[in-house]
Amino acid sequence: WRVTPRCSNHSSNLPTSRSYSTRPTLPYDVLFFGTDRVSLKSLARLKEEMDKGEIIRNLELVCSKNVDHLQPALTQQYALSHGIPFHHPQPNLKEWSVPLTRDGKPFDLGVVVSFGHLMPTRIIKTFPLGCINMHASLLPKYRGAAPIYHTILNHENEAGISIIDLSLETFDKGRIFLQKRLPIGPDITFSKLADDLGQLGAEGIIETLRDFDTYDRHAKPQSEDGASKAPKVSRATGNIQWNTTDPIGVHTLWRALGDTVGIHTKYRMNGTALRLTRLLHPSQEISPGGDWTSAPSGALRYDIGRKAVFVKCSSGWIGVSHLQFDAKKETDAASFANGFNLRNMKNFHQDQVFEPLDP
């Protein structure tokens, strides 16, 4: 069973500005823009409210196609299984015609969560109430595409979400309707924080919609004090620099990137790139003596008791319990040590080194 995408290919019936005779009231017709695991929480929460009929009357989804084309985006999968009509902005947002409701009217409001595309002014203006955006940071901190990653990379002890309106001119600089704070622990990973912020943001959206006019009237412009950027991360972000990164730094990099783009290094023995998939906590250190004290950063030593390959950092050692060569399956440290003669190595060997990937 599939939900057929219900798209309009005609823009002649669409309004070009927010000049409407009557301001929409509850319940609202909502067009939701979102694609990933963070936005999925909000979509599910909006669906719950639509089923109650008090806040949401109609709900439809706009999502990007998955880049690998192997399976639909997470939000599209949810829409398929819950009877929510969905749309792909083809060929791109600049040329895409915003769909109308089943009644042939504009949607009252656009809700945008982790959509991944800059919304053109033309599209924002088609909604009588405009568009609101759930951003996974306490704006103006971490404006940009990757706020959750940078929250972890910068060792923050607090995260949060902001509900803002979509500015017609700038990215992530809209008026703030509502903010919610979230204390976070020192060992949180990207997946856990993304889920927590996704749920917190979903509740923030519902809270805003329940009393939208009040939040709209009292929305505050963003200050530039404390503003910072959160640019996209990539495989290059996870290229470990062993000579300048301590064990906590490597572990932090893994907490932020390990679930997604990964952290990577090169094995000098065979010149092959590999991904470090699971690490021990930095508190589980070793202090080898002998010629290990003068070994370079990236030097390897296998610890039989903890079944981990320890890697020398700028100061101290970090344990790796599982790793994965490119295009291969994940392997545990014991198998890696057996395969590359690390288990019986008594002294440092110059080929047993992890080093940064080539630029």
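I started with the lining of the largest pocket: by class it has 25 nonpolar, 18 polar and 7 charged residues. I count Ala, Val, Leu, Ile, Met, Phe, Trp, Tyr, Cys and Pro as nonpolar, Asp, Glu, Lys and Arg as charged, and the others, Gly among them, as polar.

The model is predicted: local features need pLDDT of at least 70, side-chain atom pairs count only at pLDDT 80 or more, and totals for chains, interfaces and linings use all residues. Residues are numbered from 1 along each chain as its sequence is written, and side-chain values use heavy atoms, with hydrogens and water left out.

Pocket. I looked up the volume next: the largest pocket holds about 1600 Å³ of space. Of its 50 lining residues, Thr-35, Asp-36, Ser-114, Phe-115 and Gly-116 are the closest to the centre. A pocket here is an open set of points, on a 1 Å grid over the protein atoms alone, where a 1.4 Å probe fits, with protein on both sides within 12 Å along at least five of seven lines; lining residues have an atom within 4 Å of a point. Helices H1 (37-52), H2 (74-82), H4 (147-153) and H5 (190-210) and strand S5 (131-135) each supply at least two lining residues. Helices (H or I, at least four residues) and strands (E, at least two) are DSSP runs, numbered from the N terminus.

Loop residue. I then checked Asp-36, which sits in the loop between strand S1 (28-33) and H1. Leaving out residues up to four places away in sequence, Asp-36 touches Leu-74, Thr-75 and Ser-114. Contact means heavy atoms within 4.5 Å.

Helix pair. The axes of H1 and H5 come within 8 Å and cross at roughly 35°. Axes are lines fitted to C-alpha atoms, for helices over the stretch in contact, and angles run from 0 to 180 degrees between N-to-C directions. By class, the contact of H1 with H5 has 7 nonpolar, 5 polar and 7 charged residues.

Covered helix. In H7 (residues 247-257), 9 of 11 residues are buried. Trp-254 and Arg-255 are among them. I found the buried residues of H7 packed against H4, H5, strand S9 (272-279) and strand S12 (317-325).

Whole chain. I logged 8 helices and 14 strands. Buried residues make up 52% of the 359 residues.

Conventions:
Points joined across faces, edges and corners; volume = space filled by probe spheres on them. Buried < 20%, exposed > 50% of the residue type's maximum accessible area, 1.4 Å probe, protein only.
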